[in-house]
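Have the structure open while you read.

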Amino acid sequence: MAAPRVGLLYDDRMCAHATPDGEEHPENPERLCAIWRKLNAAGVASRCVSLKAKEAEDKYIASVHSKSHIKLMKEISSKKYDASRNKIARKFNSIYFNKGSSESAVLAAGSVIEVAEKVAAGELSSAIALVRPPGHHAEHDEAMGFCLFNNVAVAANYLLNERPDLGIKKILIVDWDVHHGNGTQKMFYNDPRVLFFSVHRFDYGSFYPAEGDASHCFIGEEAGKGYNINVPWEHGKCGDADYIAAWDHVLLPVTEVFDPDIILVSAGFDAALGDPLGGCCITPNGYALLLTKLLGFAQGRIVMALEGGYNLRSIANSVCACAKVLLGDKFTFNAPEMQPFESTWRVIQAVRNELKTCWPVLSSKLPENASLRIRSSPSEFNASSDSESDSEDVAELLATVASVNVIEVAGDAISEHLSKMKLDDDNLSVKTTSSCSAAEQHLVDSVKVQSNASVVLTKRISDLSLAWRSDLSRTDVWYASFGSNMWRPRFLCYVQGGKAEGMSIACCGSRDTSSPKGTMWKTVPHRLLFGRSSTPCWGTGGVAFLNPEINYNEKSYVCMYKITLEQFNDILFQENRLVLEDGKDGNVVYPDSPLIGSSEVKFISTNKAIHLEPIKDSWYSNVLYLGNEDELPILTMTCPASDIERFKSGELPLAPPSETYAATLIRGLVEGKQLDADGATNYIIAAAAKGP
């Protein structure tokens, strides 16, 4: 059998795109240089067919981009924009320009066309295009996320529409960059000739580009329905086993039915172990195995186009491993822990359920005896490396990670948050007040009051004895709900476990399953809004938040439940996804220490809000004080003031609630005798329309 002819395109003219004043930036020319050095040092470059970049013609770029966008991108580096270039860049999301940007962008798009054409024509068996700037975030009329032109989309359209003689009628685009390929998805959303598959961090809509259409619910429209597949991870730390599971149980079965003529890979390597932006843990051999699994389709005609990846060692080693696969080298996949997260299994099942009517091959049940995990291994903590060593030994990367001062914690979605809670008692100087009981002394290391008058807990110490539960079970508070918990059956799920009508997943419940000691309603002077884009419980659509700022022109309904402070913490844990359920044996794991104790309640009574620093990035990390009732504090949980600003700026999405979520709020308001059905519906519609 003849050796594979693997094309390798590298052109240092694409290194001319750089920050205008030489400031540091993750997407920089050294990314290409590091890969090129590695491929040469490993003897890989010499085994490939060397190709040079070609500029893309405007008419080919225009197949996916507007004329105005093409004009701006091609002229932004010219003298006429010298005075305004930086100002224009600031209008875009995560974009910079310099005098080399225009040429680099046109070369990047043209280079992917060049290699794709040669692979489609049979001149090459496969190819790698080392291009920058990357492309998969670029939309029809907008540059974003380091991307100027959508290189892969331009090449796909070229093959389908400009070269029918090549016989390419069906294209699979695999986007394994850690970020969702939003631009590519939109360009082919109605086109059944392109099967677009993106596996990415989603984090319930909070991970860049933070758009709701990265959810698994977005599967294409019209003729393209079913041809858009999103596998949205709920958190970081996903590694080889998680991605292999997505391949085996989603991508490969569908690809076998789709039977593509060529495969284009949006090859971002920011899900690699050690990447400073991605927070995931794929090893070079992991990427090699993912690519190997694709070689059985499209007669092995695969084109890899570089997207993201910002750890120089990781990206160089990963590209090198993929190149060796295309060249036919054998490799051994050694994985110390080949177990996907429990959350990975859940995401994969949701994806299959969404797509099974379009792809019956996904209708079968997943294996029931799969070995799953809820704990990250020590090697899976994200760390960046500044080392210039070119060794491809993954052990070096693991050693780099091990050298970083991190703490192993239980959990997938909560690992980053809990690592801030489980601190070494010996390294902290604990400040307590004379009013604190002995059982409360674990609560606070330091408390600072921000300019917006909310108290920020900066450090915590775990009380492994769990004495706090006994202590807080004797303290009552009012929990005020403004969202789905206004409907009592849904609220009781947080206390007693299970799920109510309309919910997709069950709650773990509280350690104390006692029913509330009282219920009452009131209105509060805060604006209700609906933000984020989807949740695993309610699907696509926004969920309720209260603007933490008092506004006496606003009136929002809250249903108040008299519960213990222990139960309030358990609800807070569940709202912020801090309770873990072991998918293997069903054990429920709660955090070891409370987020709100007696001392915090005293602080909040004075300062009106506490932003919980240990979970500062969670959706409901801000606890508000809404007054007193029967001499008991009224508490609720919402987003921090900083998220309100992000909602206003568009950085975080605002979205109306889903029908099932809205119906739950309406049932709460109606059964609570606050509004009739029409009034409750209008209340929800008005809140969704007003925004923050």
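Let's start with the second largest pocket: 34 residues line it, and Arg346, Val347, Gln349, Ala350 and Ile505 are the ones nearest its centre. Keep in mind that this is a predicted model.

**The pocket**
- Helix H11 (342–355), strand S14 (534–535) and strand S15 (539–540) are the elements that each give two or more residues to the lining of the second largest pocket.
- H11 provides the largest share of that lining, with 9 residues.
- Sorted by class, the lining has 16 nonpolar, 12 polar and 6 charged residues.
- Domain 1 (6–332 + 341–365) and domain 2 (470–689) each put at least three residues into the lining of this pocket.
- As for volume, the second largest pocket comes to about 770 Å³.

**The nonpolar cores**
- In soluble globular proteins, nonpolar side chains tend to be buried together.
- Here, the largest nonpolar core holds 129 residues.
- Leu39, Trp176, Tyr243, Trp247, Phe269 and Met304 have the most contacts inside that core.
- Helix H5 (residues 101–120) gives the largest share of this core, 11 residues.
- Another core, of 74 residues, lies apart from the largest one, and its members include Cys559, Ile596, Ile610 and Val623.

**A closer look at Phe269**
- Which residues is Phe269 in contact with, leaving aside its neighbours within four places in sequence?
- Among them are Trp176 and Met304, along with Tyr287, Leu306, Ile315, Val319 and Cys322.
- Phe269 is also in contact with Asp275, Gly308, Gly309 and Ser318.

Terms used:
Residues numbered from 1 in each chain as written. Predicted model: local features only at pLDDT ≥ 70, side-chain atom pairs only at ≥ 80, totals over all residues. Heavy atoms only, no water. 1 Å grid on protein atoms, 1.4 Å probe; cavity = no way out; pocket = protein on both sides within 12 Å on 5 of 7 lines; lining within 4 Å. Points joined across faces, edges and corners; volume = space filled by probe spheres on them. Helix = DSSP H or I, 4+ residues; strand = E, 2+ residues; numbered from the N terminus. Nonpolar A, V, L, I, M, F, W, Y, C, P; charged D, E, K, R; others polar. Domains from an automatic or database assignment. Core = buried A, V, L, I, M, F, W, Y, C linked by side-chain atoms within 4.5 Å. Buried < 20%, exposed > 50% of the residue type's maximum accessible area, 1.4 Å probe, protein only. Contact = heavy atoms within 4.5 Å.
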